[in-house]
Amino acid sequence: MNLAKLSIIFACMNRNLSLRDREVIWHPYTPQKSMPDPIPVIRGQGAWLHGENGEKYLDCISSWWVTIHGHAHPYIAEKIYKQALELEQVIFAGFTHEPAVTLAERLLEVLPGNYSRIFYSDNGSTAVEVAIKMAIQFWWNKGQKHRRKIFAFNDAYHGDTFGAMSVSGRSVFTAAFDQYLFEVIFLDIPDASNIEKNKAIIAEHAGEAACFIYEPLLQGSGGMNIYSADLMNDLLQHAKANDIICISDEVLTGFGRTGKLFAGDNIAVKSDIICLSKGLTGGTMAMGVTACTNEIYEAFLSEDKKQTFFHGHSFTANPISCAAALASLDLVLKPECTDAREMINERHHGFAEELRSVLPAGTVENIRILGTIIAFELSTTDKNYLNQSGRSFTMQALKHSVFMRPLGNTLYLMPPYCITSDELTLAYDVVLKILREQV
């Protein structure tokens, strides 16, 4: 077959990519019956996604909060390429390699706590699964098998595997599986009205509790709920005083999202276990990390082989993922990255003032900002993930080359750090245009 015919075949394949997709693909978090045609993306560059017909979209949510440095970053791509030429994968039981050891060393230097060991997995949900299992088996290894209860927050989201679902708030995400999920004691995110009640609940169940898992300062999928670092610190002090293992889920908040390098840097009381993913590799490779203190680790040092932590993944500490994470860490620690995050935060505050001043009262409500994130609700509708106003907003924004994916009627921007001030202006202008049209 000659090159001309091959070119025609490939061109036809590209033109029909959406149709081909619909015949073979099941997309996540997408009602299948009314699913619009998926948009074919052929490449990404910086803050932009490029479609097959020349259209482009400003990625205002960092593609599910992962591409913190933007798409196709040349420095990360180069490190991935070089690593792939040397070692692409090796079993991590009985073997090790330089990228995994170096990454663990460097993470332990910057994480917000006194952690001593890194356990690798392959995504945020599995990082949470590892953390929960570590905490439960910690007490099991110490002969306190009655300590099985877990504290978590209402409206939390920790992932879609069964352990992660169990410690997530009961919602549309978990409804079909609620009868299979283990018991969890849910607390409200702390505010002045409930802090003492939360402490009382913790004290009541402390003797049976294994751990307390939380998203520090920001609940992402729960609706971009932001809460007080001081009150969280107070609650964690109380949990620690009751000898409860604290697990911080920084899958979303890690690597600069909340302003500081980690959300835990804003909280004086540090967790015993921390979970990482998403921005860990700059969004380029799937990877999860669970780090723990030496006290947790030492509970598994035993001549009794039954006290081994029997957990692992085929791609644990994948060398290419480790190389990507090292490259992303290089970038996020540069002063230029800090400057970029500060610029985004400053522009968000300006946009918040614009929302308040130019829109009719009652158009939006609860405008909030944390680091590189701004969020608010469309006040004409109830806060609900299944609310169709968010889907409608997405479709309208795409017509203006801006990609957003609201959580129900909660609109938010969480752009990659490489976004420019002019690109932010484009996003803000589109949001305002759509909101004005809806009034």
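Buried means under 20% relative accessible area, exposed means over 50%, and partly exposed is in between (1.4 Å probe, protein chains only). Keep that handy for the exercises below.

A word on the model: it is predicted, so local features need pLDDT of at least 70 and side-chain atom pairs count only at pLDDT 80 or more, while totals for chains, interfaces and linings use all residues. Residues are numbered from 1 along each chain as its sequence is written, and side-chain values use heavy atoms, with hydrogens and water left out.

**Exercise 1. Find alanine 72 and say whether it is buried or exposed.**

Step 1: Go to the loop between helix 3 (62-65) and helix 4 (74-86), where alanine 72 is found. Helices here are DSSP runs of H or I with at least four residues, strands are runs of E with at least two, and both are numbered from the N terminus.

Step 2: Check the cover. Alanine 72 has a relative accessible area of 59%, so it is exposed.

Step 3: Look at the backbone. The phi of alanine 72 is near 55°, a positive value in a residue other than glycine.

**Exercise 2. Work out which class serine 401 belongs to from its relative accessibility.**

Step 1: Serine 401 sits in the loop between helix 13 (388-398) and strand 15 (402-403).

Step 2: Its relative accessibility is 28%, so serine 401 counts as partly exposed.

Step 3: Serine 401 isn't a glycine either, yet it has a positive phi of about 70°.

**Exercise 3. List what methionine 232 touches beyond its sequence neighbours.**

Step 1: Start in helix 9 (residues 229-241), which holds methionine 232. With a relative accessible area of 0%, methionine 232 is buried.

Step 2: Set aside residues up to four places away in sequence, and you get Phe153, Pro190, Phe212, Tyr214, Tyr227 and Ile267 (contact means heavy atoms within 4.5 Å).

Step 3: Pick out isoleucine 267. It is 35 residues from methionine 232 along the chain, and their C-alpha atoms are separated by 7.4 Å.

**Exercise 4. Compare the reach of helix 14 with its expected span.**

Step 1: Helix 14 (residues 421-438) has 18 residues. The expected span is 1.5 Å times one less than the number of residues, which gives 26 Å for helix 14.

Step 2: From first C-alpha to last, helix 14 reaches 26 Å, close to that expected value.

**Exercise 5. Zoom out: why is the protein called as compact as a globular protein of its length?**

Step 1: Count the elements, and you have 14 helices and 16 strands.

Step 2: The radius of gyration (over C-alpha atoms) is 23 Å, close to the 22 Å that the globule rule (2.2 Å times the number of residues to the power 0.38) gives for 439 residues, so the protein is as compact as a globular protein of that length.

Step 3: Finish with burial: 51% of the 439 residues count as buried.
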